[in-house]
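Work through the exercises below with the sequence and the 3D structure open. Each task is followed by a solution in steps.

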Amino acid sequence: MLLPVEKELRAVLARFADARFRHDVHPTGYSSRELEDVSRRLCVLTGTTSVDQALVAADALLDRLRTDRGAVTGTKQALAAA
């Protein structure tokens, strides 16, 4: 499986979190469609079929990207969210 670019994956995760929060606080037809669209995008990026699977896969992918980056630079870098 091709790995998504880390920046793109982080951007989609941020969009998902924002859409999920806005939909949970004030659900509308627009927020529902937006959440569905970004959820679908997250699933496509991670090669999964559900949001729960996509979030687990995204976490694993970010860990793998961080590990790969650490191997290239010879150091371990902490995730920005950590």
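**Exercise 1. The whole chain**

What percentage of the 82 residues of the protein count as buried?

Solution. This is a predicted model, in which local features need pLDDT of at least 70 and side-chain atom pairs count only at pLDDT 80 or more, while totals for chains, interfaces and linings use all residues. Residues are numbered from 1 along each chain as its sequence is written, and side-chain values use heavy atoms, with hydrogens and water left out.

Step 1. Buried means under 20% relative accessible area, exposed means over 50%, and partly exposed lies in between (1.4 Å probe, protein chains only).
Step 2. By this criterion, 30% of the 82 residues are buried.
Step 3. The secondary structure consists of 3 helices and 0 strands, in the order α-α-α along the sequence. Helices (H or I, at least four residues) and strands (E, at least two) are DSSP runs, numbered from the N terminus.
Step 4. Contact means heavy atoms within 4.5 Å. Of the contacts between residues at least 6 apart in sequence, 52% join residues at least 24 apart.

**Exercise 2. The packing of H1 and H2**

Describe how helix H1 packs with helix H2.

Solution. Two packed helices are described by the angle between their axes and the distance between the axes.

Step 1. H1 covers residues 6–25 and H2 covers residues 29–46; their angle is about 150 degrees and their axes are 9 Å apart. Axes are lines fitted to C-alpha atoms, for helices over the stretch in contact, and angles run from 0 to 180 degrees between N-to-C directions.
Step 2. Angles under 35 degrees count as roughly parallel, over 145 as roughly antiparallel, 65 to 115 as roughly perpendicular and the rest as oblique. H1 and H2 are therefore roughly antiparallel.
Step 3. Residues making the contact include Leu9, Val12, Phe16 and His23 of H1, and Ser31, Leu35, Val38 and Leu42 of H2.
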